[in-house]
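Let's take a walk through this fold, one piece at a time. Have the viewer open and follow along.

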Amino acid sequence: MSQEEQNGIYIFCGIQTETDEDLGTFEIEGENKELFTIRYKDAAIVAAEVPMKIYHPNKDNLLMHQNVVSQVMKKNDTVIPVSFGNVFQSKEDVGVLLENLYPQFEKLFPAIKGKVELGLKVIGKKDWLESLVGDNSKIDKMAKAVQGKSEAASYYERIQIGGAAQKLITSLQQDVKQEVFSPLTELAEASKTNDLIGEKMLLNAAFLVDRGKEADFDEKINETYEKWKDKVEFSYSGPWPAYNFINIRLKVEDA
């Protein structure tokens, strides 16, 4: 089998450009590869020639994909994200895909031009959450009532305690949404909340922010964190392309 037959075209993201851009190189599974663009009108797919195989979403591969997109974002202010692991047979296949996607790209370009996605997760500190549960008279009273009882004898009482604690956490989530999320939405072009992960997470949000307002957004994040730092941890990430605000997720079989 020839080398050409063994290789495929891995795609990273879409960009708006009318020229063939020099986007540099990257490393995949120990090999250095050159990035190139496959263009149609004022749209292009950023791609690289790689061995034709399935790339598993392990830590190194996901980081590789993420780093390349970040690398592209430094040189282009209109980036459409593509999901991990898409490898096509040839440049021609990618060209056909891009031509089919162009009507969507054409609408997306003005909506995301000069904008980035920023993520914020707010996680309650264990000591703070436990102190709130302990200070809640209703939960405290129920907890004392089950002391000394067997698990079987206190089964329904323990369910009630769990329900009361969940109501408390839900109330905290609403407080964080109002006091942290809402003020940040005023500085964003768009925003959304995602599913919470784990019992201590109080907010999982994404914001689409104009690059010109990114410094103001950072300042607001820092200001808000100062008010909450004794109670929660902030996990602030980005800038990313607009993953949460674009629903294009390419599959190999689309080509």
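Start with a pair of strands: S8 and S10, the latter covering residues 201–210, run antiparallel to each other and are joined over 9 bridges. To find your place in that pairing, look for leucine 120, which sits opposite alanine 205 in S10. Keep in mind as you go that this is a predicted model.

Glutamate 233 is partly exposed, at 38% relative accessible area. Leaving out residues up to four places away in sequence, glutamate 233 touches Lys121, Val122, Ile123, Lys125 and Tyr225.

Next comes helix H7, residues 214–228. Its 15 residues reach 21 Å from the first C-alpha to the last, close to the 21 Å expected at 1.5 Å a residue. Which residues of H7 are buried? They are Glu214, Phe217, Ile221, Thr224 and Trp228. Looking down the axis of H7, you'll find these buried residues within an arc of 85 degrees, so they line one face of the helix. The general rule behind such a pattern is that an α-helix has 3.6 residues a turn, so residues three or four places apart point the same way.

Time for the charged pairs. In general, side chains of opposite charge can pair when their charged atoms come close. Searching the whole structure turns up 7 salt bridges. One of them can be found by going to glutamate 226, whose side chain meets that of lysine 229 with an N to O distance of 2.9 Å. Glutamate 226 is partly exposed, with 49% relative accessible area, and lysine 229 is partly exposed too, with 32%.

Another salt bridge joins arginine 39 to aspartate 20, with the closest N and O atoms 2.9 Å apart. Arginine 39 is in strand S4 (36–40), while aspartate 20 is in the loop between strand S1 (7–16) and strand S2 (25–28), so this pair ties together parts that are 19 residues apart in sequence. Arginine 39 counts as partly exposed because its relative accessibility is 36%, whereas aspartate 20 is exposed, at 58%.

Finish with aspartate 77 and lysine 113, whose side chains form a salt bridge at 3.6 Å, N to O. Here both partners sit in loops: aspartate 77 between helix H2 (59–73) and strand S6 (79–81), and lysine 113 between helix H3 (91–112) and strand S8 (115–124), so the pair links parts 36 residues apart in sequence. Aspartate 77 is partly exposed, with a relative accessible area of 32%, and lysine 113 is partly exposed at 43%.

Conventions
Residues are numbered from 1 along each chain as its sequence is written. This is a predicted model: local features need pLDDT of at least 70, side-chain atom pairs count only at pLDDT 80 or more; totals for chains, interfaces and linings use all residues. Side-chain values use heavy atoms; hydrogens and water are left out. Helices (H or I, at least four residues) and strands (E, at least two) are DSSP runs, numbered from the N terminus. The expected span of a helix is 1.5 Å times one less than its number of residues. Buried means under 20% relative accessible area, exposed over 50%, partly exposed in between (1.4 Å probe, protein chains only). The arc is that of the directions from the helix axis to the C-beta atoms. A salt bridge is a side-chain nitrogen of Lys or Arg within 4 Å of a carboxyl oxygen of Asp or Glu. Two strands pair if DSSP finds at least two bridges between them. Contact means heavy atoms within 4.5 Å.
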